[in-house]
Amino acid sequence: MALVKPFIFQVVGYQNRGKTTFITNIIEKLRAVNLETAVLKHHGHGGKPDHTSIKDSTKHFQAGAAASLVEGDGTIELLGNYRNGTSIAELIQLLGLFHPDVILIEGYKQEDFPKIILIKEENDLLLLKQLNNIKAVIAWPDCLEQTMSYASVPVFPLNSDHFISWFLEQI
């Protein structure tokens with residue numbers, strides 16, 4: 001496999017379409033073939049992400065630290081205030097410090113990276129017209145046939161193992 005590191009791919013869809021679960025499954029399958037994955041998630045629901053855990057690092061961050069990093073047994077947790085309007089390229093560069101083989105981006109629909117769309121309902125089909133660089137579609141069972149007739153890219157059923165084979169070919 002001729003991997004250009006890191007391979008970047010987006011997973012997009014409307015809220016509550018299973019993007020996080022889908023990405024979790026991809027990570028597990030990539031790990032099984034010894035590919036390391038990093039994830040960039042867009043918090044698209046407005047406001048700042050919720051950090052309600054009462055750890056020391058959270059206390060430091062809530063007290064106004066620009067960043068709080070905790071390391072233990074080779075694992076780090078980072079909370080940070082990055083300036084508003086930071087480019088996706090800078091965020092990808094930050095993830096690059098972890099030397100992943102693959103970076104999966106959840107959200108950021110309008111970015112131009114290769115993407116897969118999750119289709120759960122008929123209304124979701126609009127994304128196929130609105131977005132660019134779509135490489136494949138994952139469709140929920142109730143919308144599979146309609147999606148297959150509408151899409152001009154490969155369509156995979158939700159929870160199909162055929163997708164991961166296709167994905168590995170793209171890498």
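Mentor: Buried means under 20% relative accessible area, exposed over 50%, and partly exposed in between (1.4 Å probe, protein chains only). The model is predicted: local features need pLDDT of at least 70, side-chain atom pairs count only at pLDDT 80 or more, and totals for chains, interfaces and linings use all residues. Residues are numbered from 1 along each chain as its sequence is written, and side-chain values use heavy atoms, with hydrogens and water left out.

Trainee: Is D101 buried or exposed?

Mentor: D101 lies in the loop between α3 (88-96) and β5; helices (H or I, at least four residues) and strands (E, at least two) are DSSP runs, numbered from the N terminus. Its relative accessible area is 7%, so D101 is buried.

Trainee: Which backbone nitrogen does the side chain of D101 reach?

Mentor: A polar contact is a pair of N or O atoms within 3.5 Å; within protein, one must be able to donate a hydrogen and the other to accept it, and residues adjacent in sequence count only if both atoms are side-chain atoms. At 2.7 Å, the side chain of D101 reaches the backbone nitrogen of E36.

Trainee: Which residues of α6 are exposed on the face turned away from its buried side?

Mentor: The buried residues of α6 are F163, I164, W166 and F167. Seen down the axis, they fall within an arc of 160 degrees (directions from the helix axis to the C-beta atoms), so they line one face of the helix. The face turned away carries the exposed D161, H162 and E169.
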